[in-house]
Amino acid sequence: MGSRDRISFEHLGWVIAFVFLGGWFVYLTVTGIFDQSLCTGAADEQCLRDWISALGSWAAVPAAIVTIVILTRQIRQDGENQRHSIRVAFQPSRSTAVRAIAIANRSI
């Protein structure tokens, strides 16, 4: 089995944390905690909307960090692929053919 066939548990801790926090948020919303203890009680106050708005702003920061990390890895890998392509392009044709034959013989 190749590495693509396996399930990756690399980020399982983050998934569990986000599921837990999501469940906690749903619990607070359903039980009405946002409307009772976290709000002033003014007639024109939109407490739940204000909390969700603030949460959305803070949630953008981790999303941006994850995006930057993924893009950095992708750029690094693209640079490695480009260096490999340049090495292959500058090898003489005969040595490339000999290498391809050697690789094919190993795979048989």
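How much accessible surface does the protein have, and what percentage of it belongs to carbon and sulfur atoms? The accessible surface is about 9,800 Å², and 65% of this belongs to carbon and sulfur atoms (Shrake-Rupley method, 1.4 Å probe; for residues, only the protein chains shown count as cover).

The model is predicted: local features need pLDDT of at least 70, side-chain atom pairs count only at pLDDT 80 or more, and totals for chains, interfaces and linings use all residues. Residues are numbered from 1 along each chain as its sequence is written, and side-chain values use heavy atoms, with hydrogens and water left out.

**View 1. Overall fold of the protein.** The protein has 4 helices and 0 strands, in the sequence pattern α-α-α-α (DSSP runs numbered from the N terminus; helices are H or I, at least four residues, and strands are E, at least two). Of its 108 residues, 6% count as buried (under 20% relative accessible area; exposed is over 50%, partly exposed in between).

**View 2. Helix α1 and its end.** The 20 residues of α1 reach 28 Å from first C-alpha to last, close to the expected 28 Å (1.5 Å times one less than the number of residues). Gly32 follows α1 and has a positive phi, near 85 degrees.

**View 3. Nonpolar surface patch.** Trp14, Phe18, Phe20, Leu21, Trp24 and Tyr27 make a nonpolar patch of about 790 Å² (residues with over 30% relative accessible area and no salt bridge; nonpolar side chains are joined within 5 Å, like charges within 9 Å). A salt bridge is a side-chain nitrogen of Lys or Arg within 4 Å of a carboxyl oxygen of Asp or Glu. Trp14 lies in helix α1, residues 12-31, and counts as exposed because its relative accessibility is 57%.

**View 4. Positive surface patch.** Arg83, Arg87, Arg99 and Arg106 form a positive patch (Lys and Arg count as positive; the charge of Arg is placed at CZ). Helices α3 (47-90) and α4 (93-107) each supply at least two of the patch residues. Arg87, in α3, counts as exposed because its relative accessibility is 52%.

How values were computed
Buried means under 20% relative accessible area, exposed over 50%, partly exposed in between (1.4 Å probe, protein chains only).
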